[in-house]
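Welcome to my notebook. I picked a few residues to look up, and I jotted down what I found.

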Amino acid sequence: MPLIHVTLLDGRSPQEVASLGRALTAAVHETLGTPVEAVRVIVEEASPTHWFVGGRSVAERRSAPS
C-alpha cells in the first residue's frame with residue numbers, strides 16, 4: 001500500500017487538491033501497477049507563516065520589497 005505525503009502552501013482550491021490526489025494515484029497505479037484502491041495520498045497544507053526558506057518565512061519573503 002503506497003503512501004504519498006504532500007505538503008503544499010495554503011491557497012490551492014479544493015478542486016486543485018483533488019486533481020493532485022487523483023493524478024498521484026494514477027501515477028502510482030500506472031508506474032507500479034498498484035490497484036488504485038490501495039494507493040493512499042495525504043495532502044497537508046501549511047501557512048506561509050509556518051514555511052521557511054533560508055531562515056525566513058514565505059510570508060516574510062512575499063512581503064519584502066523586490
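**Before I start.** I am working with a predicted model.

**Entry on isoleucine 4.** I began by asking where isoleucine 4 sits. I found isoleucine 4 in strand E1, which covers residues 3-9. Next I looked up its contacts, leaving out neighbours within four places in sequence: isoleucine 4 is in contact with Leu24, Val28, Arg40, Val41 and Ile42. I also checked valine 43, which is 39 residues from isoleucine 4 along the chain. The C-alpha atoms of isoleucine 4 and valine 43 are 8.4 Å apart.

**Entry on serine 57.** I moved on to strand E4, residues 56-57, and found serine 57 there. Is serine 57 buried or exposed? I noted a relative accessibility of 5% for serine 57, so it counts as buried, since the cut-off for buried is under 20%. Setting aside residues up to four places away in sequence, I listed Pro48, Thr49, Trp51 and Phe52 as what serine 57 touches.

**Entry on valine 58.** I then turned to helix H2, which spans residues 58-63 and holds valine 58. With a relative accessible area of 10%, valine 58 is buried too. Which residues does valine 58 touch, not counting those up to four places away in sequence? I wrote down Leu9, Pro48, Trp51 and Val53. For proline 48 I also looked up the spacing: valine 58 and proline 48 are 10 residues apart in sequence, and their C-alpha atoms are 4.9 Å apart in space.

**Looking back.** I see Pro48 and Trp51 in the list for serine 57 and again in the list for valine 58.

Terms used: Residues are numbered from 1 along each chain as its sequence is written. This is a predicted model: local features need pLDDT of at least 70, side-chain atom pairs count only at pLDDT 80 or more; totals for chains, interfaces and linings use all residues. Side-chain values use heavy atoms; hydrogens and water are left out. Helices (H or I, at least four residues) and strands (E, at least two) are DSSP runs, numbered from the N terminus. Contact means heavy atoms within 4.5 Å. Buried means under 20% relative accessible area, exposed over 50%, partly exposed in between (1.4 Å probe, protein chains only).
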